[in-house]
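Here is a friendly note to go with your first look at this model. Please keep the structure open beside you as you read the numbered points.

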Amino acid sequence: MLRVRVGYCGGVKEHPSYYDLGDHTEAVSIDFDPEVISYEEILDQFWDAHDPTRNNASRQYLHALFYRSEAQKVAAEESLIKVAAKRDIPEGKIETEIIPIREFTYAEDYHQKYYLTRYAELREFLVQFYPDGKALADSTVAMRLNAYLFSGLDKSRERLALEIESYDLPEDYRALVLARV
Amino acid sequence: MLLTMFNRRESPAAELPLEDGVISAQTLTLDKETAVKRYETITFGLG
């Protein structure tokens, strides 16, 4: 994964916000390197991560795939057919929606890189390198730190040790992160 | 076939740009490295 940010999309309301979401859905948007992982492989993980035979009544919390192109739409629809066949259920039983993204609005800064908020000094250190909250949301360094500091992830200390130099952290922050992984 | 279709895109991706088409996080070494990589974007909601 190269970059991850959270936000709102799929609806038509202009300028949605957390407290005025309109018809949008809370979503995660991931930039990935297609030479490392394919769109289809991430789709497989998406389907495995939820029960597609149930969906929420609220559009805020939908299970949904948001496509940006005809190619993504085709891939998403093909993946739905594959999931239905794998589960031996009619495609009509799949409740997960496949809808155009329209526009993606970044969620408020305090929703981005949530686990970094538990390490206020480290987050403050990072903030100085980014002109605004959106830039921090688009940071690979912040994404990796957020993931490593999230205790629920399958983390590789060896991998972190190899790449932490490229985070440009001072020694004390580097030690803090390594100690928690 | 789909894989081939997706792999044609170059970064910064013209077909699948970031929402404003600009990756502004480019100060730290790793950010600089990833900012020039080819990428695609997937977006989903999980309730």
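How many residues of domain 1 of chain A are in contact with domain 2 of chain A?

1. **The two domains.** Six residues of domain 1 of chain A are in contact with seven residues of domain 2 of chain A, where contact is defined as C-beta atoms, placed from the backbone, lying within 7 Å. On the domain 1 side, strand 1 of chain A supplies the largest share, four residues. That side has four nonpolar, no polar and two charged residues. For these classes, Ala, Val, Leu, Ile, Met, Phe, Trp, Tyr, Cys and Pro are nonpolar, Asp, Glu, Lys and Arg are charged, and the others, Gly among them, are polar. Domain 1 covers 3-106 and domain 2 covers 109-179, with bounds from an automatic or database domain assignment. Their C-alpha centres lie 26 Å apart.

2. **How to read the model.** This is a predicted model, in which local features need pLDDT of at least 70 and side-chain atom pairs count only at pLDDT 80 or more, while totals for chains, interfaces and linings use all residues. Residues are numbered from 1 along each chain as its sequence is written, and chains are lettered from A and ligands numbered from 1 in the order in which they are written. Helices (H or I, at least four residues) and strands (E, at least two) are DSSP runs, numbered from the N terminus.

3. Look next at the open sheet of six strands, with the order 4(A)-3(A)-1(B)-2(A)-1(A)-5(A) and mixed pairing. Two strands pair if DSSP finds at least two bridges between them. Strand 4 and strand 5 of chain A stand at the edges with a single partner strand each, so one side of each has no neighbour in the sheet.

4. **Pairings within the sheet.** Strand 3 (residues 63-67) and strand 4 (residues 97-100) of chain A run parallel and are joined by four bridges; here A:F66 stands opposite A:I99. Strand 1 and strand 5 of chain A run antiparallel, with two bridges between them, and A:Y8 is opposite A:T105.

5. **The crossover.** Strand 3, helix 2 (residues 70-87) and strand 4 of chain A form a right-handed β-α-β unit. Right-handed means that, with the strands pointing away from the viewer, the path from the first strand over the helix to the second runs clockwise.

6. **Where the chains meet.** The contact takes 30 residues from chain B and 46 residues from chain A. On the chain B side, helix 1 (2-7), helix 2 and strand 1 (40-46) are the elements that give two or more residues. Strand 1 of chain B gives the most, with seven residues. By class, the chain B side divides into 14 nonpolar, nine polar and seven charged residues.

7. **An enclosed helix.** Is helix 5 of chain A enclosed or open? Eight of its 10 residues (140-149) are buried, so helix 5 of chain A is largely enclosed by the rest of the structure. A residue is buried if 20 or more other C-beta atoms lie within 10 Å of its own, exposed if 12 or fewer, and partly exposed in between. Among the buried residues are A:M143, A:L145 and A:Y148. The partners that the buried residues pack against include helix 6 (157-163) and helix 7 (171-179) of chain A, together with helix 2 (29-35) of chain B.

8. In helix 1 (residues 39-48) of chain A, the buried residues are A:Y39, A:L43, A:F46 and A:W47. They cover an arc of only 90° around the axis, which puts them on the same side of helix 1 of chain A; the arc is that of the directions from the helix axis to the C-beta atoms. The face turned away from this buried side carries the exposed residues A:Q45 and A:D48.

9. **Two loop residues to check.** A:D88, in the loop between helix 2 and strand 4 of chain A, has phi near 55°, a positive value in a residue other than glycine. A:D88 counts as exposed, because it has 6 C-beta neighbours inside 10 Å. A:R102 also has phi near 55° and is found in the loop between strand 4 and strand 5 (105-106) of chain A. With 13 C-beta neighbours inside 10 Å, A:R102 counts as partly exposed.
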